[in-house]
Every structure is written in structure tokens, then in C-alpha cells.
Amino acid sequence: MVPSTFKTSRSSDDDEANRDFVGAFARGLAVIEAFGPENKGMTLSQVAERAGLDRAVARRLLLTLVKLGFARVHERRFELTTRVLRLAYSFLSSSGLGTSLQPFLDDLARAIGETVSLSVLDEAETVFIARSDTPGRRLSYVITTGMRLPAFSAASGRILLAHKPRIEVERLLSRTRITRHTRHTIMLKREIMAQIAEARVKGYCINYEELEDGLVSVSVPVLNRAGIVVASLNASTSSARANRERLAGEFVSKLKAMADELSLMLP
């Protein structure tokens with residue numbers, strides 16, 4: 001089915017004649033919207049058909065997205081990159097959705113007694129879009145909205161990467177420089193891939209003092225109503241207050257229950 005929101009057809013001719021209507025921008029959005037769960041990788045002809053564009057226009061728009069880093073092409077098939085999530089982050093930040101989620105995060109922070117947060121993936125980084133602290137339990141490593149962490153070394157990043165195609169994760173990892181933050185930081189790329197694979201199987205990811213001594217965290221995926229992983233829900237604490245068993249048990253159970261509630265609110 002061809003996306004209807006930005007489809008350029010004869011019915012849009014009048015709109016394009018309007019000086020306030022930017023047809024090129026509308027066509028670019030149509031190309032982005034053409035991709036979906038069942039159309040992750042498409043040929044030029046497939047994109048043109050789904051977006052309602054001729055091949056020449058679709059080609060120019062796709063190559064522009066590739067140059068900007070929003071798409072890539074491999075063996076004549078185009079696919080979007082995680083950079084597109086920057087658009088989603090802009091929406092979440094400007095729409096007030098973070099404010100709508102705040103009461104849920106506050107409830108979870110009180111239930112766990114620790115800092116909780118919500119983050120999204122942007123290439124090799126994870127970006128925090130909402131957070132909540134428990135009074136008297138703030139960490140020395142303060143998590144703020146808009147803060148970025150290296151995805152391959154953070155629990156929030158690894159659980160999001162776990163739901164990407166392996167070949168995509170391997171390509172991203174090959175272009176990423178891993179930085180040692182503590183003596184616990186996993187540096188070998190094969191071990192990082194093993195951690196990501198394990199997170200996919202378990203449905204959660206634990207990070208134990210890899211970013212800062214004494215800091216531990218656990219993350220679970222958050223799906224939207226279409227069943228696509230769009231964010232991670234995280235809890236951070238001190239290693240003096242939570243061992244691996246507590247993180248994998250009590251924390252994961254409460255995080256997953258809240259993730260299910262949040263899924264109903266995400267577009």
C-alpha cells in the first residue's frame with residue numbers, strides 16, 4: 001500500500017502551486033514514509049512506487065538522504081539508518097510526550113527506589129529523552145534529558161541494538177571507536193556483540209560498572225503499538241545497593257511491567 005500522508009499525485013497539483021507549499025520537501029517526506037516494518041530495504045523502483053513518484057525524482061531524494069546519513073544503499077537496495085530517529089527525538093521533545101510519560105516514570109522511580117529513564121538510539125549513541133529520580137537517591141553520575149552515552153557500552157544502547165539486524169549492528173560497530181571508561185569496560189568487539197546477542201535472548205541488558213565505577217544499570221525494550229522497538233526503559237543505581245541478581249529479578253520485572261504501559265502511549 002502506498003503511504004497516503006505525503007503521496008504526491010494529481011490531487012496535490014493545486015497545493016504545489018501554492019507559494020507556501022514546498023513540493024520537494026513533501027516528496028522527501030513521502031520517501032521516508034515509504035519505508036516500514038515490511039519494507040525495510042527496497043529498490044529504487046519500489047520506493048518510487050510506494051511514494052507515488054517517478055524514478056528520477058525518487059533517485060535524487062534517496063541519494064540526498066544517503067548523503068545526509070538518513071539512508072544507505074547496499075546492492076541497489078535502500079534502507080533508512082538510525083539517524084532517522086533524530087526526527088523522532090525532535091517530535092518527542094517538542095510534542096510534550098515526555099511530559100505525558102513523566103508521571104509513569106515518577107511512579108516507577110518510587111517503586112524501585114532508584115533513577116529511571118527513557119532513551120532512544122541515534123547511530124552509535126543512546127539519547128535520554130525523559131528521566132525521574134527518587135529523592136535522596138541521586139547518583140554521582142547524573143542522567144539529564146538530552147544526555148548521550150556510547151550505545152555499545154551502555155545497557156540502554158545494547159538493548160536497542162539487540163533489536164537491529166545483526167549485519168547492521170556489525171557495520172555500525174566496525175565504524176565505532178570503543179573508549180575505556182573503567183577497568184570493567186568491555187573493549188573487544190566480539191565480546192560486545194556477544195553481550196548484544198545475549199540481551200536479545202534475555203529481553204534485558206545489565207551494565208555493571210562499565211561507564212563509571214560503582215554505577216550499574218539495567219534496560220528493557222519499549223515497543224510502540226505496531227510492535228517495533230523504539231526506546232529503552234532504564235534503571236540506574238549504585239553497585240552497593242543492587243547486585244546482578246536484584247537487577248535481573250526485581251528491577252527487570254518492574255521495568256517490563258512499566259514498558260508494557262508505555263507502549264500504549266507511543267506512536
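Which residues of helix 3 are buried? I started my notebook with that one. I found Leu44, Val47, Ala48, Arg50 and Ala51 buried in helix 3 (residues 44–51). Buried means under 20% relative accessible area, with exposed over 50% and partly exposed in between (1.4 Å probe, protein chains only). Helices (H or I, at least four residues) and strands (E, at least two) are DSSP runs, numbered from the N terminus.

**Ground rules.** I am reading a predicted model, where local features need pLDDT of at least 70, side-chain atom pairs count only at pLDDT 80 or more, and totals for chains, interfaces and linings use all residues. Residues are numbered from 1 along each chain as its sequence is written, and side-chain values use heavy atoms, leaving out hydrogens and water.

**Around helix 3.** I looked up what covers those buried residues, and the cover includes helix 2 (23–34), helix 4 (55–68) and strand 2 (77–80).

**The whole protein.** I noted 10 helices and eight strands. Of the 267 residues, 46% count as buried. Contact means heavy atoms within 4.5 Å. Among contacts with a separation of 6 or more, 60% join residues 24 or more positions apart.

In what order do the six strands of the open sheet lie? I read 5-4-3-8-7-6, with antiparallel pairing. Its edge strands are strand 5 (148–150) and strand 6 (205–208), each pairing on one side only. On average, neighbouring strands here are turned by 30° against each other, direction ignored. Two strands pair if DSSP finds at least two bridges between them. I followed strand 3 (residues 115–122) and strand 8 (residues 229–238), which run antiparallel and are joined by five bridges. Leu118 has Leu233 of strand 8 as its bridge partner.

**Thr126.** This residue sits in strand 4 (residues 125–132). Buried or exposed? Thr126 counts as buried because its relative accessibility is 0%. A polar atom of its side chain lies 3.4 Å from the backbone oxygen of Val120. Leaving aside neighbours within four places in sequence, Thr126 has contacts including Ser119, Met147, Leu149 and Leu160.

**Helix 10.** Where does helix 10 (residues 244–263) bend? I found a bend of about 40° at Val252; the bend is the angle between axes fitted to the seven residues ending there and the seven starting there. At the start of helix 10, a side-chain oxygen of Asn243 comes within 3.2 Å of the backbone nitrogen of Glu245. Helix 10 lies across strand 3, strand 6, strand 7 (215–223) and strand 8, running at about 30° to strand 7. For such angles, axes are lines fitted to C-alpha atoms, for helices over the stretch in contact, and values run from 0 to 180 degrees between N-to-C directions. Its buried residues include Leu247, Phe251, Val252 and Leu255.

**The cores.** A nonpolar core is a set of buried Ala, Val, Leu, Ile, Met, Phe, Trp, Tyr and Cys residues joined through side-chain atoms within 4.5 Å. The largest has 30 residues, of which Leu118, Val218, Val222, Leu233, Leu247 and Leu255 touch the most other members. Helix 10 gives the largest share, seven residues. I also noted a second, separate core of 20 residues, including Ala30, Val47, Ala48 and Leu61.

Methods
A polar contact is a pair of N or O atoms within 3.5 Å; within protein, one must be able to donate a hydrogen and the other to accept it, and residues adjacent in sequence count only if both atoms are side-chain atoms.
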